[in-house]
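I opened this notebook to keep track of what I looked up, one topic at a time.

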Amino acid sequence: MQPDFIIGGAPKCGTTSLHQILHQHPDAWVARNEVYFFDADDPIAHGDFLGVEDGELSWRDPSQQAFRDWYAARFAEAPEGALIGEDTTTYLMSDAAPARIAATLPAARMIFVLRDPVARAHSQYWHLVRSGRTHLSFERALSDERSIVLGSTYAPQLRRFREALGPERVHVVLFEEFNADRQRVLDGVTAFLGLAPIAADSVETWFNRTRYPRRTETLLRLNRIGRHLVPYRYARHFGPGATLGARVGHRAYRKWSGFVSNRILTEDAAPEDMRPTTRRYLERHLSDRNAGLSELLGTDLSRYWPGFTQ
């Protein structure tokens, strides 16, 4: 069993909602959670699955048959005849993923959801804060947490996917259009996948609601402790085989994150907005990192993304 389509990114752009909507389609099925197969060994996209055991580097090799069997097993529950999908938002950030996907899934289609890169970067920061990955301010985290900027660097990565798979197998959705006219965007997605249209008002369309701390500094202090448990967050992702220490660490992380979710993340809105000087920096820098993106997508993105100039 292999997927017919992949939602490949970007993080914090509404991909979870698109995943769940497509999973509600009567002729489609999407694997639970993010899969992380084609970039499991990529320390640039994310280093969650690289480890050190007895001084030796430990990683998952997508070319090994045992790991390929694990990947196929993720789709074993798909109904016969359904269009099968998977969702891994870090594929867009991985230089290795496009060629691997093209070689392994010669007919699969890719869907990417893009958002104002400045707003996405800020949302990524809050994701890191909520999950215990950083105890730094947004300004300091910009140079310490590469996913903040890397996740908002769309143009070069999209070019790699279009070159590897062909432009006809790559579909791009804008987060802002998805929010403004959900039916039109869903019609574009289903047509791209060859599925019958689905009425937006017939399915649940809002998932993964975000909660924030009442006081940022409180959670940042907690993260000075919690960040030591973060490496165990995905210890059970690939199923049995984790060491005893990893399993204990995973349970400890779950308990810590549960405490944070229930006691600290109580607000519906972020406690503060981005500083104006930080916003000006990101507007300029992320515009330059995405040079030519408007031309690539055939639309003037400055209509959707304030401060974007490319």
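Predicted model: local features only at pLDDT ≥ 70, side-chain atom pairs only at ≥ 80, totals over all residues.

I began with the strands and found an open sheet of five, in the order E2-E5-E1-E6-E7, with parallel pairing. I then looked for its edges, which are strand E2, covering 28-34, and strand E7, covering 170-174, each of them pairing on one side only. From one strand to the next, the twist averages 20 degrees.

**Entry 2, strand E6 and its partners.** I turned to strand E6, residues 109-114, and looked up its pairing with strand E1, residues 5-9, which is parallel and runs over four bridges. Within that pairing I located Phe5, whose bridge partner in E6 is Arg109. I also followed E6 to E7, where the pairing is again in the parallel sense and has five bridges.

Opposite it, across the pairing, stands Ile111. Which residues does His171 touch, apart from those up to four places away in sequence? I listed Met110, Ile111 and Phe112, together with Gly188, Val189 and Phe192. With a relative accessibility of 19%, His171 counts as buried, since the cut-off for that class is under 20%.

I next looked up how helix H1, residues 15-23, packs against helix H9, residues 182-193, and read an angle of about 60 degrees with the axes 12 Å apart. That angle makes H1 oblique to H9, and the crossing of the two is right-handed. I wrote down the residues that make the contact, which are Leu18, Ile21 and Leu22 on the H1 side and Leu186, Val189 and Leu193 on the H9 side. Sorted by class, the contact of H1 with H9 has six nonpolar residues, no polar ones and no charged ones. I note that Val189 of H9, listed in this contact, is also among the residues that His171 touches.

For a second pair I took helix H4, residues 117-130, and helix H12, residues 276-289, which pack at an angle of about 120 degrees with their axes 9 Å apart. H4 is therefore oblique to H12, and I recorded the crossing of H4 and H12 as right-handed. Which residues make the contact of H4 with H12? I found Pro117, Val118 and Ala121 in H4, facing Arg279, Leu282, Glu283 and Leu286 in H12. By class, this contact of H4 with H12 has five nonpolar residues, no polar ones and two charged ones.

Is Leu301 buried or exposed? Its relative accessibility is 0%, so Leu301 counts as buried. Leaving out residues up to four places away in sequence, I noted that Leu301 touches Leu174, Leu293, Ser294 and Phe308. I also compared the position of Leu301 with that of His46, and the two are 255 residues apart in sequence and 28 Å apart in space, taken from C-alpha to C-alpha.

Note on methods:
Residues numbered from 1 in each chain as written. Heavy atoms only, no water. Pairing = 2+ DSSP bridges. Axes fitted to C-alpha atoms, helices over the stretch in contact; angles between N-to-C directions. Parallel < 35°, antiparallel > 145°, perpendicular 65-115°, else oblique. Left-handed = near helix turned anticlockwise from the far one by under 90°. Contact = heavy atoms within 4.5 Å. Nonpolar A, V, L, I, M, F, W, Y, C, P; charged D, E, K, R; others polar. Buried < 20%, exposed > 50% of the residue type's maximum accessible area, 1.4 Å probe, protein only.
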